[in-house]
Amino acid sequence: MRLLIIFSFCLLLNFPAFTQENEIRDLTRSGPEDLNQYIENYTRSFVVNTPQLFSYGWFNTPHLYEKFNFDLSINYSSLNISEADKSFLFKNSEYSNLRYTSADEVELASLLGVVNPSDNITIIQTGEVLNVPGGVNLNSLPAPIIQAGIGFNQASLKLRFLPGYDQDGVSFFGWGVGAMYDFSKMILKEKYDDETGERPIDLAVLIGYTRFRGKTDLSEDNISSDDEARLIIQNLTTQLILGKQMDIFNIYAGISGNFNSGNTKITGTYTYEDPETNSEKEYTDPVDQFYSDENMSALLGMDIQLAVFSIHGQYHFIGYRGFSVGFGLSLK
């Protein structure tokens, strides 16, 4: 199931072997309307949840320095997944050419769930029995991110990358860019020490954008064509952070506003049996679905600075819950 490889961030840690079976390609034989309905139900929980993951781990301290500074970190972020996101309700009444034969309604695996081997659906027009697309059965979505920051005069520019993959018709890559500004001096003029940069608290704002793009070949027998499944996920986050810098420990809290979006596409040319004419018809680029979401969240974090090295972590709560931990090198 190579479509699962694209959508699963488990691949960023461990690339499992995939089979030649392609349940998504099989579903295209049900026709464009049923294909769209199934793909929307199947992928929605993944596409809605994943962008939130990219709002994590943008910084390990709100304390920026007057002089030139540089930091490099490797972070691991994880977003909690609810049991409700692991399945969707398949209703025969919502489909014209697909049927679950044992019941009128049934919970089937979403992209985040696990498939029941006994589940299958039938294309009414042809009588073909299809395996239900499986899921990755995750309790949390993981994402390792490599990030670098460079700054001057209380501001920092940040770049991030998600490890990429390109092999056997499967490819994905992620990147992001952000900017952070320490406005402690602006707000705390009377208590700000111009020589040392010392202040009672640290105040900073961050804006970050992350984009992830993946695709997989849906052509039969891996023949090069335009038959592909594509996914684009984006997150724009704005974060207000308050912290306290100590000798070794740095603690902070923040509020985040997130603007998330996702786009799922299936491109190429496919065929199905038209029930009205009982003849084979072609259709092209059948799926182009867009999802968007806006939300607020909060975070608590801590950074331990050991000379030029740092160990840091933050926990995100309210609505979407998850965490980010990392190890970094800082030259300030």
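Q: What percentage of the accessible surface of the chain belongs to carbon and sulfur atoms?
A: This is a predicted model, where local features need pLDDT of at least 70, side-chain atom pairs count only at pLDDT 80 or more, and totals for chains, interfaces and linings use all residues. Residues are numbered from 1 along each chain as its sequence is written, and side-chain values use heavy atoms, leaving out hydrogens and water. Accessible areas come from the Shrake-Rupley method with a 1.4 Å probe, and for residues only the protein chains shown count as cover. The surface comes to about 15,400 Å², and the carbon and sulfur share is 56%.

Q: How many strands form the closed barrel?
A: Helices (H or I, at least four residues) and strands (E, at least two) are DSSP runs, numbered from the N terminus. Two strands pair if DSSP finds at least two bridges between them. The barrel runs β1-β7-β8-β9-β10-β11-β12-β15-β16-β17 with antiparallel pairing, and its strand count is 10.

Q: Which residue in β12 is the bridge partner of Thr-237?
A: Start with the two strands: β11 (residues 228–245) and β12 (residues 249–267) pair in the antiparallel sense over 18 bridges. Within β12, Thr-237 has as its partner Asn-258.
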